[in-house]
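Please look over the structure shown below before reading on.

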Amino acid sequence: MHCYTTLSVSVPGGPGMPAGTGQPPGACEGEIMSRPLEGRRVAFLVAPEGAEQVELTEPWRAVTEAGGRAELVSTDAGPVQAFNHLDRGDKFTVDRQVNAVSADDFDALVLPGGVANPDQLRMQERAVAFIREFFDAGKPVAVICHGPWTLVEAGVVRGRQLTSWPSLRTDIVNAGGQWVDREVVRCDGGPSVLVSSRKPDDLPAFCSALVEEFAVRGARL
């Protein structure tokens, strides 16, 4: 028997979160009194293995608690294996395969980090094209940690200001982006707004920024 976690319920400690985790101190804390993302559909794109678990679960919680509908998209139909840094974490059920969806199906996109996760995604032509579609359509994108590797592959960082895990700095600069060292960066210098953060410690600021931008930008589409 195989048991997987379904990312469909946003109640802290409930069925939509890994058993026993509750809400990590300082990460996306505070009750969201309003539902600014009501009616918004948000794609979370990850590879079959390697996504940093907290960078998936905390933004997911922020989106769903703000009234948004989050969907886990991957390159394969099977469950995805998340990691807590180098250690295996939980497995999560995939909602949609990337080859069966497009940016037209969603209002916004979240790209979690983890070293192996974006490294796998940038080798998948359809995954890269899916990301590029959000920029072409002017839809908001939020990315954290090693996630910008996929943006470099998609050719969408030129002229944009963003942050990431520090080791990606050279890749971003070489691709024409402006790398900065801040906990969260909001860049509207292109067709779509781009929210970026460096690492799990930045999650409170990252979650707050993405909910705000997804609400504002989504309303204009």
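Leaving aside its neighbours within four places in sequence, with which residues is Ala77 in contact? In this predicted model, Ala77 is in contact with Val94 and Gln97 once those sequence neighbours are set aside.

**The loop residue Ala77**
- Ala77 belongs to the loop that lies between strand E3 and strand E4 (80-84).
- With a relative accessibility of 51%, Ala77 counts as exposed, because the cut-off for that class is over 50%.
- Although Ala77 and Pro48 are 29 residues apart in sequence, their C-alpha atoms are 8.7 Å apart in space.

**The sheet and the helix across it**
- An open sheet is formed by 7 strands in the order E6-E3-E1-E7-E8-E12-E11, and its pairing is mixed.
- Strand E6 (96-97) and strand E11 (185-187) stand at the edges with a single partner strand each, so one side of each is left without a neighbour in the sheet.
- Strand E7 (residues 108-111) and strand E8 (residues 141-144) run parallel and are joined by 3 bridges, and Leu111 stands opposite Val143 in E8.
- Helix H1 (residues 53-65) lies across strand E1 (41-46), strand E3 (69-74), E7 and E8, and runs at about 150° to E3.

**The largest pocket**
- The largest pocket, with a volume of about 290 Å³, is lined by 14 residues, of which Glu52, His85, Leu86, Gly114 and Val115 lie nearest its centre.
- Strand E2 (residues 49-52) gives the most to this lining, with 3 residues.
- By class, the lining of the largest pocket has 7 nonpolar, 4 polar and 3 charged residues.

Note on methods
Residues numbered from 1 in each chain as written. Predicted model: local features only at pLDDT ≥ 70, side-chain atom pairs only at ≥ 80, totals over all residues. Heavy atoms only, no water. Pairing = 2+ DSSP bridges. Helix = DSSP H or I, 4+ residues; strand = E, 2+ residues; numbered from the N terminus. Contact = heavy atoms within 4.5 Å. Axes fitted to C-alpha atoms, helices over the stretch in contact; angles between N-to-C directions. 1 Å grid on protein atoms, 1.4 Å probe; cavity = no way out; pocket = protein on both sides within 12 Å on 5 of 7 lines; lining within 4 Å. Points joined across faces, edges and corners; volume = space filled by probe spheres on them. Nonpolar A, V, L, I, M, F, W, Y, C, P; charged D, E, K, R; others polar. Buried < 20%, exposed > 50% of the residue type's maximum accessible area, 1.4 Å probe, protein only.
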